[in-house]
Structure formats: C-alpha cells, structure tokens
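Here's a quick briefing to read with the sequence and structure open beside you. We'll look at the ligand first, then at the nonpolar cores.

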Amino acid sequence: MRFDIISLFPEFVAQCAAFGVVGRAGERGVLSVHGWNPRDYAEGNYRRVDDRPFGGGPGMVMMIEPLRACLADVRAADPSPARVVYMSPQGAPLTQAKVRELAAHPRLVLLCGRYEGVDERFLQAEVDEEISIGDYVLSGGELAAAVVLDAVARLQEGALNDAESAVQDSFEDGLLDCPHYTRPVEHALGNVPPVLLSGNHAEIAKWRRQQSLGRTWLRRPDLLDESALSKADRRLLEGFRAAQAVEAVSVSNETGSVSRASPPASDPVEAASGAEPIARPGSGPATSAPAAPTPGVPEPPSAGQRLAAKRKTPL
Ligand code: 4FV
C-alpha cells in the first residue's frame with residue numbers, strides 16, 4: 001500500500017511511520033510513505049501557502065493553488081488510483097470499521113491542514129472524504145494522519161506477525177479488550193486471576209470474553225448492542241453483572257454504604273470470575289452509569305460502590 005502525505009511538515013508523519021510495526025512493514029516493502037510539501041509549489045519569493053480569511057476573523061487559511069499543484073504531482077507520481085483524505089474535526093469519526101475500509105484502497109493521500117484549515121473550494125474539488133480522530137482541535141492534521149497511517153498499515157497483509165495479528169483480532173469485534181497480566185503472579189497490587197494460571201484454554205478464552213463483554217458494558221455501553229449478543233455471550237455478561245453486583249453488595253456491607261445492587265445471577269457457575277476491578281473515578285465513562293438502564297438489566301454498581309469495592313482483589 002502507498003501513502004502520500006501532503007503536509008507543511010512532511011518529515012513529521014514520515015518519522016511517525018519509521019518505528020515499530022509500521023516501520024518494519026515499510027522495510028519489508030509492505031507499504032511505502034511519501035511526503036509532499038505544498039510550500040515547494042508556492043509562488044513568489046515568500047512562497048505563500050496561506051492567506052487571511054475572507055470575512056475577517058483570526059488565523060489564516062491554506063490557499064488553493066499550492067495544494068492543487070502539489071496534488072497534481074502526487075497523482076502523477078504513481079498510476080494507482082488514490083483516495084484523497086483530509087484530516088479535520090469536521091470529518092467522519094475514525095473507527096476500526098473505517099480503518100478497514102481505508103485499508104482496502106491501494107493508495108491513500110492524507111492531506112494535513114494547518115492554521116484554521118484549507119480553502120473550501122479545494123476540499124470540494126479534490127478531497128474524497130474528511131476524517132476526524134476526535135472532537136478536539138489539534139495544531140495540524142499531521143498527528144491525525146499518523147494515526148490513520150498506523151491503524152491502516154497494521155491491516156496490510158504481511159505487516160503483523162501472528163502474535164500481533166491475534167492482538168489486532170481482539171479489537172476487531174468491536175468490544176473492549178480484556179485485562180492482561182504477566183509475572184509476578186503475586187504482587188502487593190494484587191494477584192493474577194487464577195483462571196489464567198489454570199492452563200485450561202477453554203476457560204481462559206471464556207474468562208477473557210466475559211471480561212471484554214463486561215468492560216464494554218461498564219465503560220463503553222455505546223459499543224454494546226446486547227440484542228445482537230449470542231446466547232453464550234449474554235450468559236457471560238449476566239455472570240459478569242452478577243459478580244459486579246455481589247461485589248458491590250459485599251463492599252457496601254463492608255463500608256456500610258447503602259447499595260442498590262441487585263441479587264446475584266441465577267447461575268453462579270457462570271458467575272464471572274470477574275477480574276474487572278471497580279473502575280477508578282475518571283477512568284473513563286465507568287464512573288458515569290451507562291446509558292439509560294435497560295428494563296430487567298441490572299444497572300452497574302454506582303461509582304461510590306465501585307470505589308468502595310476497589311480494594312477487593314479479582315476473584
Ligand atoms: C483534526 C482532528 C484537527 C484543525 C485545524 C488542524 C486541526 C488545523 N484533524 N482530527 N481533530 N485538525 O484537529 O483530524 O488545521
């Protein structure tokens with residue numbers, strides 16, 4: 001796959017692509033990254049690439065002509081059709097699904113804005129799509145382009161070795177990843193969940209799936225469509241919720257704080273060997289209860305209960 005980066009600081013993105021998995025993929029010829037600077041196409045001794053905005057207001061706007069001349073050279077540099085992507089907060093949110101879509105193209109041209117942005121007429125005429133990496137304002141599109149490059153490069157055939165592919169796959173089904181542990185087994189901060197030491201791969205896979213489901217429910221309920229869950233996944237999530245509720249009750253008994261948790265799950269066998277420690281305040285949306293409670297589905301423990309339960313080591 002070929003990446004062409006149009007930026008006033010082309011070495012910035014090229015540098016980001018020189019390390020780790022993406023750097024190795026470049027060495028292996030799985031992908032190539034080419035930087036283009038619109039200033040090299042600017043007229044006059046000042047080689048202007050930006051000018052003041054019509055209608056007044058702060059900042060500057062990137063001009064049409066240096067970008068058009070630059071893009072013409074970029075297109076001519078390789079016969080394969082290029083999808084032109086402009087990184088901007090006005091773009092579609094970048095998701096793994098969007099990354100998969102982009103990875104199917106033989107060539108991506110990533111246009112990085114600076115200042116207030118780019119003259120709209122150039123965007124309308126030359127850009128195929130706008131993508132945003134998040135609802136915040138960066139000083140330039142380079143960091144966003146580096147994010148797209150990294151995420152898309154990982155999906156290129158030959159970019160990842162088997163172990164890395166496995167990690168990649170764990171995110172592919174739209175759930176959050178499960179917790180990870182390594183040596184030592186015992187530590188002042190807690191012990192490794194026994195199931196992970198059991199050698200029982202079926203049980204380990206089930207535990208990891210349950211953790212992914214449970215953490216997604218707690219932290220990113222917007223990612224979890226419970227109606228689409230398999231029966232097995234629904235049971236695992238039930239077990240997770242039951243363990244959370246039980247934990248909250250036992251902790252609130254300990255701390256004497258009134259709990260709202262519901263009674264434990266019907267099938268304790270499936271009850272989660274939940275390692276999910278009660279989320280720390282501020283550690284993502286877990287502190288704010290997930291979206292409107294689903295009738296019959298117990299709400300996750302309140303932040304106070306979760307905080308109180310934090311001291312418990314994972315089952
Ligand atoms: C951005 C984002 C972003 C806006 C003005 C560059 C900056 C400046 N790009 N996702 N968020 N871009 O903040 O993609 O030109």
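How far is an oxygen atom of the ligand from a polar backbone atom of L138? The gap is 2.8 Å, from the ligand oxygen to the polar backbone atom of L138. Keep in mind that this is a predicted model. The protein buries 95% of the 370 Å² that the ligand exposes when taken alone.

**Around the ligand**
- The shell has 17 residues, and Y115, I133, G134, Y136 and L138 come nearest.
- I133 also has a backbone N or O atom 3.0 Å from a nitrogen atom of the ligand.
- At R114, a polar backbone atom sits 3.3 Å from a ligand oxygen.
- By type, the shell splits into 9 nonpolar residues, 7 polar and 1 charged.
- β5 (83–93) and β7 (129–132) are the elements that each give two or more residues to the shell, and β5 has the largest share, with 3 residues.

- Nonpolar side chains tend to be buried together in soluble globular proteins.
- Here, the largest nonpolar core counts 26 residues, with F3, L108, L110, L149 and V152 making the most contacts inside it.
- Beyond its neighbours within four places in sequence, V152 touches M1, F3, V99, L102, A103 and L108.
- Another core, of 20 residues, lies apart from the largest one and includes Y41, L67, Y86 and L111.

Methods:
Residues numbered from 1 in each chain as written. Predicted model: local features only at pLDDT ≥ 70, side-chain atom pairs only at ≥ 80, totals over all residues. Heavy atoms only, no water. Near = heavy atom within 4 Å. Polar contact = N/O pair within 3.5 Å; in protein donor to acceptor, adjacent residues only side chain to side chain. Areas by Shrake-Rupley, 256 points an atom, 1.4 Å probe, with all protein chains shown as cover. Helix = DSSP H or I, 4+ residues; strand = E, 2+ residues; numbered from the N terminus. Nonpolar A, V, L, I, M, F, W, Y, C, P; charged D, E, K, R; others polar. Core = buried A, V, L, I, M, F, W, Y, C linked by side-chain atoms within 4.5 Å. Buried < 20%, exposed > 50% of the residue type's maximum accessible area, 1.4 Å probe, protein only. Contact = heavy atoms within 4.5 Å.
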